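Take a look at the sequence and the model below. A brisk tour follows, going from the whole chain down to single residues.

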Amino acid sequence: MSVIYVLLTISIIIAVLFFGAFIVSVKSGQYDDSYTPSVRMLFEDELIKPSSSSSKDNKSKELKNKENQSNVKK
């Protein structure tokens, strides 16, 4: 029977700790905007455009590869 009192005391202490953490998070503004995070995941797919210098490098690499392939065939 004494175990129940110990467990009840521990559970009340843990509940008070979580309630305190909740109060601190509310006061710090963590729950101010509840709408934006749910919508943000829909708009995070941004396309990364390759820079112009890298596209020039890619074109020159492709030309070199074609030249090498043509030399190998000969």
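## Surface and fold

The protein has an accessible surface of about 7500 Å², and 63% of that surface belongs to carbon and sulfur atoms. Accessible areas come from the Shrake-Rupley method with a 1.4 Å probe, and for residues only the protein chains shown count as cover. This is a predicted model: local features need pLDDT of at least 70, side-chain atom pairs count only at pLDDT 80 or more, and totals for chains, interfaces and linings use all residues. Residues are numbered from 1 along each chain as its sequence is written, and side-chain values use heavy atoms, with hydrogens and water left out.

Three helices and zero strands are present. From the N terminus on, the order is α-α-α. Helices (H or I, at least four residues) and strands (E, at least two) are DSSP runs, numbered from the N terminus.

How much of the protein is buried? Buried residues make up 1% of its 74 residues. Buried means under 20% relative accessible area, exposed means over 50%, and partly exposed lies in between (1.4 Å probe, protein chains only).

| Residue | Relative accessibility | Class |
|---|---|---|
| Val 6 | 47% | partly exposed |
| Phe 22 | 43% | partly exposed |
| Ser 25 | 12% | buried |

## Helix α1 and its residues

Helix α1 covers residues 2–27, and Ser 25 is found there. Ser 25 counts as buried because its relative accessibility is 12%. Leaving aside neighbours within four places in sequence, Ser 25 is in contact (heavy atoms within 4.5 Å) with Gln 30 and Tyr 31.

Tyr 31 also forms an aromatic pair with Phe 22. A search of the whole structure finds one such pair. The pair is tilted, with 6.0 Å centre to centre and 45° between the planes. Rings of Phe, Tyr and Trp (its six-membered ring) pair if their centres lie within 6.5 Å; planes under 30 degrees apart count as stacked, over 60 as edge-to-face and the rest as tilted.

Val 6 is also in helix α1. A nonpolar surface patch of about 590 Å² is made by Val 6 together with Val 3, Leu 7, Ile 10, Ile 14 and Phe 18.

## What the record says

UniProt lists residues 6–26 as "transmembrane region" in an unreviewed entry. Such annotations may be inferred rather than shown by experiment. In the model, residues 6–26 are 100% helix and 0% strand. The end C-alpha atoms of this stretch are 30 Å apart.

Conventions:
Patches are made of residues with over 30% relative accessible area and no salt bridge: like charges are joined within 9 Å, nonpolar side chains (Val, Leu, Ile, Met, Phe, Trp, Tyr) within 5 Å. A salt bridge is a side-chain nitrogen of Lys or Arg within 4 Å of a carboxyl oxygen of Asp or Glu.
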